[in-house]
Amino acid sequence: MTRPLSLCFCFWMDDPIHLETFNHDCFRELLVNTAELNKIRSQDLDFFLVLDLEGRVEILEFPVLMISAKTLQVEDIFHRFVRPSKMSERRINEYVEGKYGKFGVHRVWHDTAIPFTDVIQQFGTWLMRHQLWMGEKLIRAAFVTCGNWDLKTKVPQQCEVSKIELPPYFMEWINLKDVYLNFYDRRATGMVTMMKELQIPMVGSHHLGIDDTRNIARVLQHMLLDGALVQITARRNPRSLRDVKFLFKNRIG
């Protein structure tokens with residue numbers, strides 16, 4: 001079966017310098033040996049949506065990998081660069097050059113970045129196409145992040161800046177650091193620490209969102225093959241969206 005790549009668009013596929021620093025083939029590099037799949041525990045979810053946002057002032061990059069809980073394969077990719085809505089063009093250029101210039105992808109960002117409101121509209125369509133969302137909470141799926149910042153803090157902030165309501169599929173998530181702490185009984189402050197402790201070599205460039213998402217997915221795959229049960233760790237109060245309940249007693253934050 002041909003994997004759908006159309007939503008991970010890029011205008012620089014014929015640029016060897018760009019391709020050297022910006023790997024687009026997440027499907028092949030995240031393949032898991034099928035002989036090891038019998039090590040996986042039965043999970044409460046069918047799919048994990050691995051997410052790692054980039055951008056401290058406003059969101060600049062929104063990458064998601066859809067991972068099967070049964071086969072651990074990448075089922076699809078959603079990747080958008082995001083154009084800030086409240087910054088001047090001069091500030092945007094400085095911001096993007098400082099963030100992405102060193103990775104050689106600032107040209108791609110300028111060619112493909114779209115407003116956050118458009119990203120959210122397209123992402124909702126993508127979720128519906130995979131029958132993971134029909135207007136309420138996610139169906140048989142959950143976001144996986146490395147920390148709570150992405151969904152607890154940054155997405156609500158960006159929604160406020162962009163003057164849109166927080167989409168209902170952002171009501172709960174899995175902080176992989178909390179699952180890691182409770183499964184291995186040791187603390188890991190971030191993705192790099194987890195990868196070192198699990199002896200997983202890093203791929204791509206740290207702090208390039210799509211590459212960090214790939215690396216977080218590799219940690220997730222490793223933990224599932226070790227027998228971890230990956231469950232929801234945080235849930236937002238639907239009556240008070242700023243109120244988040246953390247579901248694990250032992251957590252790293």
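What share of the contacts between residues at least 6 apart in sequence join residues at least 24 apart? Here are some notes on that and on a few other features.

1. **Contacts and overall make-up.** The share is 68%, where contact means heavy atoms within 4.5 Å. Please keep in mind that this is a predicted model, in which local features need pLDDT of at least 70 and side-chain atom pairs count only at pLDDT 80 or more, while totals for chains, interfaces and linings use all residues. Residues are numbered from 1 along each chain as its sequence is written, and side-chain values use heavy atoms, with hydrogens and water left out. The chain holds nine helices and eight strands; these are DSSP runs numbered from the N terminus, with helices being H or I of at least four residues and strands E of at least two.

2. **Burial and surface.** Of the 253 residues, 54% count as buried (under 20% relative accessible area; exposed is over 50%, and partly exposed lies in between, with a 1.4 Å probe and protein chains only). The accessible surface comes to about 12000 Å², and 51% of that belongs to carbon and sulfur atoms. These areas come from the Shrake-Rupley method with a 1.4 Å probe, and for residues only the protein chains shown count as cover.

3. **The nonpolar cores.** A nonpolar core here is a set of buried Ala, Val, Leu, Ile, Met, Phe, Trp, Tyr and Cys residues joined through side-chain atoms within 4.5 Å. The largest one has 51 residues, and F48, Y100, I174 and M223 have the most contacts inside it. Helix α9 (residues 209-225) supplies the largest share of this core, eight residues. Apart from it lies another core of 31 residues, including I59, F116, I120 and W173.

4. **A look at M223.** Not counting residues up to four places away in sequence, M223 touches L176, V179, Y180, F183, Y184, L198 and A228.

5. **Salt bridges.** The count is 12, with a salt bridge taken as a side-chain nitrogen of Lys or Arg within 4 Å of a carboxyl oxygen of Asp or Glu. K99 and E54 meet at 2.5 Å, N to O. K99 lies in helix α3 (residues 89-100) and E54 in the loop between β1 (47-51) and β2 (61-68), so this pair ties together parts 45 residues apart in sequence. K99 is buried at 17% relative accessible area, and E54 is buried at 6%. For a pair with other surroundings, look at E36 and K39, which meet at 3.3 Å, N to O: E36 is partly exposed at 28%, and K39 is partly exposed at 45%.

6. **K137 and E172.** The closest N and O atoms of this salt bridge are 3.7 Å apart. The pair links distant parts of the chain, with K137 in the loop between α5 and β5 and E172 in strand β6 (residues 172-175), 35 residues apart. E172 is buried, with a relative accessible area of 16%. Salt bridges that share partners also join D46, K70 and R140 into one network.

7. **P156.** This residue is found in helix α6 (residues 149-161) and is partly exposed, at 22% relative accessible area. Leaving aside neighbours within four places in sequence, P156 is in contact with L151, L166 and R236. P156 and L241 are 85 residues apart in sequence, yet 8.7 Å apart in space, C-alpha to C-alpha.
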